[in-house]
Protein chains: 2
Amino acid sequence: MDATHRLVILGGGFGGLYAAKALKNAPVQVTLLDRRNFHLFQPLLYQVATGALSPGEIASPLRSVLRRQKNTQVLLGEATDLDAERRRLILDDGQAVEYDSLIVATGSADSYFGHDDWRRNAPGLKSIEEATEIRGRILFAFEAAEIEHDPGKRREWLTFVIVGAGPTGVELAGALAEIAHDTLRHDFRSIHPQDARIFLLEGGPRILPTYPEDLSDKAKASLIKLKVTPQTGVLVTGIDDGGVTGKTPAGNQRISARTVIWAAGVRPSHFAEVLEHRAGAPRDKRGQVIVNGDCSLPGHPEIFVIGDLAYVEQDGKPLPGVAPVAMQQGEYAAKLIRARLRGQTLPPFRYRDKGSLAVIGRASAVAQIGPLHLSGLLAWLTWLFVHLMYLVEFSNRVMVFIQWGFLYLTFNRGARLITGPDPSGHPAESVGELRSPSLKR
Amino acid sequence: MDATHRLVILGGGFGGLYAAKALKNAPVQVTLLDRRNFHLFQPLLYQVATGALSPGEIASPLRSVLRRQKNTQVLLGEATDLDAERRRLILDDGQAVEYDSLIVATGSADSYFGHDDWRRNAPGLKSIEEATEIRGRILFAFEAAEIEHDPGKRREWLTFVIVGAGPTGVELAGALAEIAHDTLRHDFRSIHPQDARIFLLEGGPRILPTYPEDLSDKAKASLIKLKVTPQTGVLVTGIDDGGVTGKTPAGNQRISARTVIWAAGVRPSHFAEVLEHRAGAPRDKRGQVIVNGDCSLPGHPEIFVIGDLAYVEQDGKPLPGVAPVAMQQGEYAAKLIRARLRGQTLPPFRYRDKGSLAVIGRASAVAQIGPLHLSGLLAWLTWLFVHLMYLVEFSNRVMVFIQWGFLYLTFNRGARLITGPDPSGHPAESVGELRSPSLKR
């Protein structure tokens, strides 16, 4: 009987992957379980959605990343249930995986604030599939406008609405403006892509609400320069296939648009419910799991919850749902497990905030690094450097760097493909019939 | 009223795109109609299916390729009918597009020889979607084997069957062998990817049946060295979710396998039927359109049919359905249209065969260039050079070159993603609900 400590990590995002990597050569048998076979560099997903990068360039096979780590096994599968008493995870095929310690890092999903019917007309940006879906919708809108003779309908195809002006919404709006004004500039004969109208709707009083106010103002000015229309104080009340309805301080408004993208909110992944029902996990009003100071679950010191799924307050404020928090928590949990195996413990987790960065366009970004507030080219270069450094670890950095070089010099976005099961209403012959039941385990 | 000659080109593959490019600056108003927004470099599709390249690296937006050609308009749409008398194409949305000349270059689709039910268990390799589907199936098979405890079922997951040993089948088999033996070598803990069995089934007496016999033999030896099992004289009689049934010279056989790929045959695209019914086009027994010596339709000198859709004999033999034939026919049709506008004509089309190339693996290929038969490294270098030269025109060459450099040096295939609507039985949350009726025109 092997007495090695068995750790199961649920989720191969930033939290789970950094936990696994921090346990290299530890006397721990690590199993990383994910329903996808790759780690996704989510902060660059908007670049896939806007045709600058290919999915393969921001995703790395988990096995590849962890291949040299002999104490670690990667499993493709989805955990659907938990037996906290017997320390077993139940997978969707009924199989049980036993653990001595468990790290849950299943992240978050889009939240439509109770209006899940909005999803079909306003996809979010959480997965590769959604990113290529959004890419297809944006590109198809220009194609549809090109063949549309009716000026009103053409205008609807050339109107884009992004709901939510956090970093993702701002980055999408900026990239979309560059597509319209630069990338597609010479590509059409009947329309002028520059006529595209891009609305960025925000419920709060300013865009980038988590950033310092001066940077919000700078970002707003940059977006307006790119011909984006930011609107703050807009409460979206409806999204249908003809556009977006909302309440503004000036009254109700309706924007007729054929392309709407959702960047307004996230909710914890459904495993939070499993933790509540099976391990008595307390949850806050947004549904996140409230954890102890050492990221463990109250009453279950062997279960850690990290990343977007966890609710942690620091200095009286909740930690934001960003990659650095998840990475640091993953590394902390790994370190704590190592310490416990030596009969020791660690002081509570503390997040070291290295700053926030949001890119707006070519050579334009805003950044907060401690007391430092940057904008423009300097912020953009910082953004570039930070992201390339992170990508270094995932073997894709050279390709991304070259792609960005091309993009910067030529405005050309090479990955402008409309793909998918039915991206344009013009499916490839018979592609739709391909799904095989043999893939079901 | 504009008296410029209106040419409509149906299809943006090799034939259609080369016709359009050959009409740069001609006194012709060109409309290129395709149901996809990109030109696909189909000869490299197998590299997407095997995770070496990303879709964006072998596809170029048609608008991008033709953006500087002011007399050319690209339209996204599908032609469903033809009014040959009034010279109008009917699109799927009911719109009519008038032409003075028409070039039909809609290519071919997979043919299952009347067994269309085989498709769901044995996808072909004609589109980006099918390539990423096959990629997902190959990668998922290894994942499923890793978590399978039953040795018999594990063996089924590790068995791959490729039906058809033309260039596509041979190239797929070679790449799949490299995935199993090199790329995934260190990636798994419970299985040895090297245990994978790869069968390459061919109905004829030898693999690469259109190549000279000595090259078939060399390719066979190379494949066996890569641990592929080529079987010739096998008539497939059934494909289901458990494997492939066939008749061999030695009797019936059954190969239990969870992953089957179809590379055995193509049929003309369905527009051949439209041409038969609406313009009286004669068709051969495989359904291709039999054209005049100048690639025009009998009785309709203004309609040209080129590429895989056309049946042309030269020196008593039918021309093969390969990219160079389509490209030369496209350029010929363009030249003939230019000549006619000057009141001239041209001698009949003649295909100049520059040779055939099939790659088997790293530094291994076979090539026929006129009387020259090459194999091994020299053939592979020729293949590399020829493909990079072709890609030059489509702006992706640098990326592909770098990817190949990495692949050659490290065996690492960066684009090993399982994606799609339900690639693994583990869809991303709610992705399946995304399709929007608003994309229907």
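# Reading helix packing and buried residues

Me: Where do I start, and how many residues of α1(A) are buried?

Reply: Buried means under 20% relative accessible area, exposed means over 50%, and partly exposed is in between (1.4 Å probe, protein chains only). Here α1(A) is mostly covered, with seven of its eight residues buried. They are Phe14(A), Gly15(A), Gly16(A), Leu17(A), Tyr18(A), Ala19(A) and Ala20(A). Keep in mind that this is a predicted model, where local features need pLDDT of at least 70, side-chain atom pairs count only at pLDDT 80 or more, and totals for chains, interfaces and linings use all residues. Residues are numbered from 1 along each chain as its sequence is written, chains are lettered from A and ligands numbered from 1 in the order in which they are written, and side-chain values use heavy atoms, with hydrogens and water left out.

Me: How many helices and strands does chain A have?

Reply: Helices (H or I, at least four residues) and strands (E, at least two) are DSSP runs, numbered from the N terminus. Chain A has 11 helices and 27 strands. Of its 441 residues, 59% are buried.

Me: At what angle do α1(A) and α9(A) cross?

Reply: Axes are lines fitted to C-alpha atoms, for helices over the stretch in contact, and angles run from 0 to 180 degrees between N-to-C directions. The axes of α1(A), residues 14-21, and α9(A) cross at roughly 35 degrees and come within 7 Å.

Me: Is the crossing of α1(A) and α9(A) left-handed or right-handed?

Reply: Look at how the near helix is turned from the far one, by less than a right angle: anticlockwise is left-handed, clockwise is right-handed. α1(A) passes α9(A) in a right-handed crossing.

Me: Which residues of α1(A) and α9(A) meet?

Reply: Contact means heavy atoms within 4.5 Å. From α1(A) come Phe14(A), Gly15(A), Tyr18(A) and Ala19(A), and they meet Ala323(A), Ala326(A), Met327(A), Gly330(A), Glu331(A) and Ala334(A) of α9(A). Sorted by class, that contact has seven nonpolar, two polar and one charged residues. For the classes, Ala, Val, Leu, Ile, Met, Phe, Trp, Tyr, Cys and Pro count as nonpolar, Asp, Glu, Lys and Arg as charged, and the others, Gly among them, as polar.

Me: What about chain B, and at what angle do its helices α1 and α9 pack?

Reply: In chain B, helix α1 (residues 14-21) and helix α9 (residues 323-341) pack at an angle of about 35 degrees, their axes 7 Å apart. α1(B) also makes a right-handed crossing with α9(B).

Me: Let's zoom in: is Met327(A) buried or exposed?

Reply: Met327(A) counts as buried because its relative accessibility is 7%. This residue sits in α9(A), residues 323-341. Setting aside neighbours within four places in sequence, Met327(A) is in contact with Phe14(A), Gly15(A), Tyr18(A) and Tyr390(A). Met327(A) and Gly16(A) are 311 residues apart in sequence, yet 7.9 Å apart in space, C-alpha to C-alpha.

Me: Last one: which side chain makes a polar contact with the side chain of Ser101(B)?

Reply: A polar contact is a pair of N or O atoms within 3.5 Å; within protein, one must be able to donate a hydrogen and the other to accept it, and residues adjacent in sequence count only if both atoms are side-chain atoms. For Ser101(B), the partner is the side chain of His5(B), at 2.7 Å. Ser101(B) is in strand β9 (residues 101-104) of chain B.
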